[in-house]
Amino acid sequence: MLSIRRAMPIVVLSCLLLAGCKTGSLGGLSPSGSASASATAAGGSGAASAARAIAVGAGPQKKYTVQQQPAAGSCHYRYEKGEPLEDPACTPGAISPAVTQANLASTICRKGGYTSGVRPSTSVTGKEKKLNAASYGYTGAMGEAEYDHLISLQLGGDPNDPRNLWVEPQDPGHKTSQGINNKKDPVETKLHTAVCAGKVTLAQAQQAIVTDWTTALTTLGLS
């Protein structure tokens, strides 16, 4: 017993110098990289295991209230081939707990529609839009910009979580004075169709659109 105890520091030192170890359950040691190995074994590829978790919002409410927005000027647009993308620090996305893979048929995929019954009124979103425009430093015409759900309602996005809403400016193909007609909208519709047809899971569609809506269809093999 004494010899084993004396040998332990040597084993620990060898592990640290040669292999690289971190604390774990077996004698306080486990090989470094075991977390990623577990993720792979659980069915996650390198990209999938690196995907960040999406926040869960409050879900549909009987009465919505104006939500506090990020500080003025604290959010910054990104652009991909001219198309506007949200600031992930301000608008990382949020999903509704009311929509799950198990209840698609009775929520976003049901006939007759789902979104109209959960959408906040313009008396709420109109005020939020002005505040969020200040957050992003948007100074264009408000009627030409969409107060957009990053994860759309038809993909189970949370209706009024400030993490899921942003003032989306006009894209390069926008037609001035003809209302909102951004290219993100048809992407959302195609993703919704694919989810309801069982071609992709709800989680896959949500993750693809929060990562980059301009590549979401390509990422999922739907383009």
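The protein chain has seven helices and eight strands, where helices (H or I, at least four residues) and strands (E, at least two) are DSSP runs numbered from the N terminus. This is a predicted model, so to speak of local features takes a pLDDT of at least 70 and side-chain atom pairs count only at pLDDT 80 or more, while totals for chains, interfaces and linings use all residues. Residues are numbered from 1 along each chain as its sequence is written, and side-chain values use heavy atoms, with hydrogens and water left out.

Of the 223 residues in the protein chain, 38% are buried (under 20% relative accessible area; exposed is over 50%, partly exposed in between; 1.4 Å probe, protein chains only). Looking at contacts (heavy atoms within 4.5 Å) with a separation of 6 or more, 69% are between residues 24 or more positions apart.

On to the core. The largest nonpolar core has 38 residues, a core being a set of buried Ala, Val, Leu, Ile, Met, Phe, Trp, Tyr and Cys residues joined through side-chain atoms within 4.5 Å. Those with the most contacts inside this core are Ile108, Ile151, Leu155, Val167, Leu191, Val195 and Ile209. Two or more residues each come from α4, β8, α5, α6 (202-211) and α7 (216-219), with α6 giving the largest share, five residues.

Strand β8 (residues 165-168) is covered on both faces: Leu165 and Val167 are buried on one side, Trp166 and Glu168 on the other. Setting aside residues up to four places away in sequence, Val167 touches Tyr77, Lys129, Asn132, Ala133, Tyr138, Ala145, Glu146 and Tyr147. β8 pairs with β7 in the antiparallel sense over four bridges (pairing takes at least two DSSP bridges between two strands). Within that pairing, Asp148 has Trp166 of β8 as its bridge partner.

Asp148 also turns up at the largest pocket, where Arg119, Glu146, Tyr147, Asp148 and His149 lie nearest the centre among 18 lining residues. Elements giving two or more residues to the lining are α4 (122-136), β7 (146-149) and α5 (184-196). A pocket here is an open set of points on a 1 Å grid over the protein atoms alone, where a 1.4 Å probe fits, with protein on both sides within 12 Å along at least five of seven lines; lining residues have an atom within 4 Å of a point. Its volume is about 340 Å³.

Helix α5 also holds His192. His192 counts as buried because its relative accessible area is 17%. Beyond its neighbours within four places in sequence, His192 is in contact with Ile108, Cys109, Gln154 and Leu155.

Key: Grid points are joined across faces, edges and corners, and a volume is the space filled by probe spheres set on the points.
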